[in-house]
Amino acid sequence: MARDIRLLARCIGLVLAALMLASTVSCAPAGAAVGDDRAGDSSVQSSGVERGDVSIGLVGSYTASADDLVLDAYDSAGLKASYVSLRDTARPVAGAQQAVRDLVSRQVTVIAISGIDASQDKQGWAAALQSARHAGIPVMLINPIRTPADTRLFAAALTINDRATDAVPIDKATMLVVNDRPHARNMMVTTLKH
């Protein structure tokens with residue numbers, strides 16, 4: 001009887017250890033950013049995420065005014081976006097990093113960060129962006145000041161230029177990233193409706 005209990009305890013311990021190991025496995029692709037299939041050779045092909053199922057978490061910039069244009073463009077395109085404002089934040093860099101972690105816990109489809117300067121608190125940004133990477137959530141940088149050195153932490157850097165005739169609509173660029181479709185690493189985008 002005692003032997004059976006010890007055997008059962010060992011089996012339960014092994015199962016728990018296996019579950020803990022499985023929970024540490026990342027959803028991130030090896031050597032690339034989540035959502036950055038520029039080569040078009042993704043081993044996982046899907047029909048894509050429907051626009052109505054996309055939830056965008058936009059971490060606002062505390063200096064730029066493009067956030068309203070981006071939100072309006074997403075709304076016009078039928079994409080749901082939640083906005084984290086940093087305008088009145090005493091510590092905007094720490095606030096933006098916390099916003100990324102909060103959006104990861106909310107399990108948004110994609111995170112967009114406006115006006116990031118990854119040279120400020122490099123370790124904090126690496127940790128926040130790594131949390132999105134491990135959760136399998138792609139990250140886009142909108143009008144970045146400085147991008148992270150580790151290019152596996154973001155799928156694309158989008159520069160808004162509403163005057164350029166060859167700029168990609170921001171909703172289309174977002175859907176390319178969400179659906180892991182081939183796209184340029186640096187994209188010029190427009191918030192104007194086409």
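Helices (H or I, at least four residues) and strands (E, at least two) are DSSP runs, numbered from the N terminus. With that in hand, here are some notes to read beside the structure.

1. **What kind of model this is.** This is a predicted model: local features need pLDDT of at least 70, side-chain atom pairs count only at pLDDT 80 or more, and totals for chains, interfaces and linings use all residues. Residues are numbered from 1 along each chain as its sequence is written, and side-chain values use heavy atoms, with hydrogens and water left out.

2. **The sheet.** Start with the strands, where two strands pair if DSSP finds at least two bridges between them. Seven strands make an open sheet with parallel pairing, in the order β2-β1-β3-β4-β5-β7-β6. At the edges sit β2 (80-84) and β6, each of which pairs on one side only. As you trace a strand, remember that in a regular strand the side chains alternate between the two faces of the sheet.

3. **Some pairs to find.** Strand β3 (residues 110-114) runs parallel to strand β4 (residues 139-142), and four bridges join them. To line them up, look for I111, whose bridge partner in β4 is V139. Four bridges also join strand β5 (residues 156-160) to strand β7 (residues 186-190), again in parallel; here L158 has M187 in β7 as its bridge partner.

4. **The β6 end.** Strand β6 (residues 168-169) is joined to β7 by two bridges, and these strands run parallel. V168 stands opposite V189 in β7. Together, β6, helix α5 (residues 170-178) and β7 make a right-handed β-α-β unit. Right-handed here means that, with the strands pointing away from the viewer, the path from the first strand over the helix to the second runs clockwise.

5. **Two backbone angles worth a look.** Most residues other than glycine have a negative phi, and most peptide bonds are trans. Q107, in the loop between α3 (92-105) and β3, has a positive phi near 60 degrees. N143, in the loop between β4 and β5, has a positive phi near 45 degrees. For accessibility, buried means under 20% relative accessible area, exposed over 50%, and partly exposed in between (1.4 Å probe, protein chains only). Q107 is exposed at 64%, while N143 is partly exposed at 25%.

6. On a 1 Å grid over the protein atoms alone, a cavity is a set of points where a 1.4 Å probe fits but cannot get out, and lining residues have an atom within 4 Å of a point. Grid points are joined across faces, edges and corners, and a volume is the space filled by probe spheres set on the points. There are two cavities of 30 Å³ or more. Of its 15 lining residues, Y62, A96, G115, I116 and W125 are the closest to its centre. Helix α3 gives the most to this lining, with three residues. The lining divides into nine nonpolar, five polar and one charged, where Ala, Val, Leu, Ile, Met, Phe, Trp, Tyr, Cys and Pro count as nonpolar, Asp, Glu, Lys and Arg as charged, and the others, Gly among them, as polar.

7. **The second largest cavity.** This one holds about 40 Å³ of space. Its lining includes A33, L129, V139 and F154, and helix α4 (residues 122-135) gives the most to it, with three residues. By class, the lining has ten nonpolar, no polar and two charged residues.

Notes:
On a 1 Å grid over the protein atoms alone, a cavity is a set of points where a 1.4 Å probe fits but cannot get out, and a pocket is an open set with protein on both sides within 12 Å along at least five of seven lines; lining residues have an atom within 4 Å of a point.
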